[in-house]
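Here are a few exercises to work through with the structure open beside you. Try each task before you read its solution.

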Amino acid sequence: MIKVVNLCKSFNGKTVLDNISVTFEPGKTNLIIGRSGSGKTVLLKSIVGLHEIDSGEVWYENTLFNKLDFAGKKKIRSEMGMLFQGSALFDSLTVEQNVRFPLDMFTDNSSEEKIERVNFCLNRVDIKNSNNLFPSELSGGMKKRVAIARAISLNPKYLFCDEPNSGLDPITAILIDALIKELTVEYSMTTIVNTHDMNSVMEIGEKIVFISEGVKCWEGNKNDILNSDCNTLNDFVFANSLAKKLRATK
Amino acid sequence: MIKFLTQFGRYFLLLKKVFSKPEKPSIYYKQTVRELIFLGVNSIGIIAIISFFMGAVITLQTAYNTENPIYPKYLIGLGCRDSMILEFSSTIAALILAGKVGSSIASEIGTMRVTEQIDALEIMGVNSASFLILPKMIATLLFNPFLTIIAIIVGIFGGWIAGTFSGVLTSENFIYGIQYEFIPYYIVYSLIKTVFFAFIITSVSSFQGYFVEGGSLEVGRASTKAVVYSSVLILLFNVILTQLLLS
């Protein structure tokens, strides 16, 4: 479980996150949704400690994460995996070396065991015969899959995904969403996904938090989201013409 | 002034992170070997070419400025030797390396920053500053003295070729000149300067790249700043070290 309490973050005096409190549940895909620039990525990066927060608390189970020193954070981070918006694969390493990197850094496994684990992770995300390719030789969807493989290589307890299907075609986006959901259940992870894609919301949103201009406006699940009283959320959910027609039909 | 002090403080905090205990020394060792090849071995060519022509030009210029028969011809060889050892092999070569190695370091680390690769390292619990910068620093501190020695040898060889082939002095005169009143401490002085300059190039360029914010435009700017700031600091420390080591 990850719990955020009264989290505030500002950049150069401009408030980006204002008093956010939310609990992310284990074994579920938790979604943070909102318009571009609403503060989703800042919230996610604050939760994982890439941004120092101004005030508030970030709890991982019973540990107050934001007050830990580097060594303390490192221990929790060994249980984290993260999929970045641009995949963030290491350019100078091959697919195999990218997935193997956390294993090399944090395990004392033999080379054979590491290769076995790398192949298992790559198979799990449906990447085959690409071990020796470099990130520049992969498509956007493949990069995301390799990044997921790297994120799960150490069997993480927490998975964070920042816009996992941005820049992908609808079919690949659905496949990536499905993969995230499957992995969440398979490894009983606490998964937090940042997205503004309504397809993702309806496919995998077991718990949804809606943020607008740095403020948490709504919290619920994918069944509640279409019947919300929150006007800002409705403007977001029913932004496109298809959704508007669906709403009119209902 | 406050901005300068802030940057100065961030630079030293970064160095503190860089010199913290490595997570896994075997990985750092592999990285260091990679950087030795990338930053060191790959710089031999440019250093050799520039040193050769610089040695040749120094010899010819010394020859044309000492045409008076009162000056013995071997002074041309001596001038070439001392110029190469005292100034060119360390300072001018460092300025060249600031351009080649410094911009490469700043753009590599800067690109990793803007494409979130550094964030990915941090999320894994890796000390990104140490992992990315320490191997580069060790590689340049170890290898740049070799580059200096190469620059001295190739530069003097270039001077000998230019001097003898153009006919401004005989081979015997040149060889006598490069042996005349040789002070071994000059080599030590040159190597000490090289080590300082290697540290400046790597740390300043890494600092510029590590704290890039934005996109490709900012990476380009960071790369330019890395070269400019490194060059200015090299020139400043050249004066300070010369005063300290030769006075």
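Call a residue buried if 20 or more other C-beta atoms lie within 10 Å of its own. Keep in mind that this is a predicted model.

**Exercise 1. Take helix α5 (residues 117-124) of chain B: work out how many of its residues are buried, and what covers them.**

Step 1: go along the helix and apply the cut-off. B:Q117, B:I118, B:A120, B:L121, B:E122, B:I123 and B:M124 are buried.

Step 2: count them up. That's seven of the eight residues in α5(B), so the helix is mostly covered by the cut-off of 20 or more C-beta atoms within 10 Å.

Step 3: look at the surroundings. The cover includes α1 (40-48), α2 (70-77), β6 and α3 (95-106) from chain A, together with α4 and α6 (128-166) from chain B.

Step 4: check what comes after the helix. α5(B) is followed by B:G125, which has a positive phi, near 90°.

**Exercise 2. Describe the side of chain A that touches chain B.**

Step 1: get the totals. The contact takes 14 residues from chain A and 13 residues from chain B.

Step 2: assign the chain A side to elements. α2, β6 and α3 of chain A each give two or more residues, and α3(A) has the largest share, with three.

Step 3: sort this side by class. You'll find nine nonpolar, two polar and three charged residues.

**Exercise 3. Is strand β6 (residues 80-83) of chain A covered or open on its faces, and which strand does it pair with?**

Step 1: find the partner. Four bridges join β6(A) to β7 (residues 158-162) of chain A, and the two run parallel.

**Exercise 4. Find the residues with the most contacts inside the largest nonpolar core, then trace the contacts of B:I201.**

Step 1: pick out those residues. The core has 118 residues, and the ones with the most contacts inside it are A:M82, A:A149, A:F160 and B:I201. Helix α4 (residues 74-114) of chain B gives the most to this core, with 15 residues.

Step 2: zoom in on B:I201. Leaving aside neighbours within four places in sequence, B:I201 is in contact with B:A94, B:L97, B:A98, B:V101, B:G102, B:T140 and B:S230.

Definitions and conventions: Residues numbered from 1 in each chain as written. Chains lettered and ligands numbered in written order. Predicted model: local features only at pLDDT ≥ 70, side-chain atom pairs only at ≥ 80, totals over all residues. Core = buried A, V, L, I, M, F, W, Y, C linked by C-beta atoms within 7 Å. Buried ≥ 20, exposed ≤ 12 C-beta atoms within 10 Å, placed from the backbone. Contact = placed C-beta atoms within 7 Å. Pairing = 2+ DSSP bridges. Nonpolar A, V, L, I, M, F, W, Y, C, P; charged D, E, K, R; others polar.
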